[in-house]
Amino acid sequence: MRYVSTRGENRGAGFREILLGGLMEDGGLAMPAEYPQLGTADLDAMRAMNYRELAFAVLRLFADDVPEGVLQGLIDKTYTAEVYSNCRPGDNAEEITPVRTLEPGLHLLGLSNGPTLAFKDMAMQLLGNLFEWALSESGESLNILGATSGDTGSSAEYAMRGKRGIRVFMLSPHGKMSAFQTAQMFTLMDENIHNLAVRGVFDDCQDVVKAVSNDLDFKRRYRIGTVNSINWARVVAQVVYYFKGYFAVAPEAGAPVDFAVPSGNFGNICAGHIARMMGLPIGRLILATNENDVLDEFFRTGIYRPRGTAETQQTSSPSMDISKASNFERFVFDLVGRDSARIKALWTQGAFDLSGTDSGRFGFVSGSSTHSDRLATIRETWERYGVMIDPHTADGLKVGMELRSASTPLICLETALPAKFGATIQEALGREPERPSKFDGIEALPQRSTVIDADAGVVKKIIEESVRMGGRG
Ligand SMILES: *Cc1c(COP(=O)(O)O)cnc(C)c1O
């Protein structure tokens, strides 16, 4: 498989070459030169596969320069019932992404049973193992630098902890994460994990990361990398669970199934688009946003109008508080017939109007929710089905129910467990969320972090120091 850039670069890069990178050299995003096509016979053969078998069947098509035995080994190590053990009582952890049927034709696909209780673990755990293998092959090491307001940072740390050749430096706003999120990250005692608590807000953390990355000399010398959501391996690892979900609920071969997806950076639903382009019979991809509705606006009107930080609201589904969806360029690339000159022009403009192009032919429809919609959905789901959902999943379920068709099964993707968002659950249900037992008392465990000013120089010194000390720390 060769990868091209959405902005036109086409030098025949393979999967291994783009694995550790972020943007392509021309500033675009990596896309497969063409989508592998699966026919009826292929899909029939996949129907009975378990998660690991499905992951291998899908990923070998995209990562064909990783030896098959190696890929199989990394998948087998990643997608185990032990790693994805935080499912609800009664769900089967062996399924990795168990389906819970709320009523006939309405299902939840549990993607949040990994170590940090959010769907980002589905891809990030594989990424950690892929990175460790690729670095051991080349004898290199990598310093991962990132900023987080919660989900991404903890998911990256749990994926990279204890991995040879990898150090993680994760900036978070000091005192601004929930007690649970803080405990999840700061109780990690692995030598290669460095939690830097920045006096400031999330944007200050991001500015520091940008400033360090813009020092190209430093970046090269210390091999600074990222694990952000534009990483192609993360997107493609997410394709697998669309297949798993489809086969779990499709009444017969070839029957359409709709998916509702709570969306922020467009990474999750982009994987659904790829699965559909490969021939999986997905009927519609129902995109859900919260009050930050840039993507909903696009799919309703054809107008894309990214917004700045000042226009971005803080909501009760914080991982979707995004007003510039970094993976969206991948979809628009297909929408404009893979015309990279057009993509370059559109992203130079910033905002654009594509109301003449038909995004419906790719199955997309959309809607949005408000805080009170989410509270009502959490309450109704609890009362009607006895299932407690988190506010992000509630965004998806609310929009999914609105746009549901009577004749087509609907799968709503569960992107986090309620344990992560206690305050909103308290507000909706007047009780504390359920919590997987291994997290009991996590807030009381010893924590380790370094409080710093929002200063790129300080972060560089910490990286230099830890590299000089050698070893893995
Ligand atoms: C990251 C995240 C999302 C948004 O996913 P994208 O791939 O950015 O669209 C939704 N819900 C939760 C809980 C998340 O952590």
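**Close-up views of a predicted model**

**View 1. The end of helix α18.** Gly470 follows α18 and has a positive phi, near 70 degrees. The model shown here and in the other views is predicted.

**View 2. Helix α18 from end to end.** The helix covers residues 456-468, 13 residues in total. From first C-alpha to last, α18 reaches 18 Å, close to the 18 Å expected at 1.5 Å a residue. At its start, a side-chain oxygen of Asp455 comes to within 2.8 Å of the backbone nitrogen of Gly457.

**View 3. The two sides of α18.** Ala456, Val459, Lys460, Ile463 and Ser466 are buried. Seen down the helix axis, these buried residues fall within an arc of 135 degrees, so they line one face of α18. The face turned away from that buried side carries Lys461 and Arg468, which are exposed.

**View 4. Thr415 and its contacts.** Thr415 sits in the loop between β14 (410-414) and α17 (422-429). Its relative accessible area is 7%, so Thr415 counts as buried. Leaving aside residues up to four places away in sequence, Thr415 touches Ser112, Ala118, Phe119, Pro262, Asn268, His392 and Thr393.

View 5. The structure holds 0 disulfides. For Cys270, the closest cysteine sulfur is that of Cys412, 20 Å away, which is too far for a bond. Cys412 is in no disulfide either; its nearest cysteine sulfur belongs to Cys87, 19 Å away. Cys270 is buried, with a relative accessible area of 1%. Cys412 is also buried, at 0% relative accessibility.

Conventions: Residues numbered from 1 in each chain as written. Predicted model: local features only at pLDDT ≥ 70, side-chain atom pairs only at ≥ 80, totals over all residues. Heavy atoms only, no water. Helix = DSSP H or I, 4+ residues; strand = E, 2+ residues; numbered from the N terminus. Buried < 20%, exposed > 50% of the residue type's maximum accessible area, 1.4 Å probe, protein only. Contact = heavy atoms within 4.5 Å. Disulfide = S-S within 2.5 Å. Expected span 1.5 Å × (residues − 1). Arc of directions from axis to C-beta. Polar contact = N/O pair within 3.5 Å; in protein donor to acceptor, adjacent residues only side chain to side chain.
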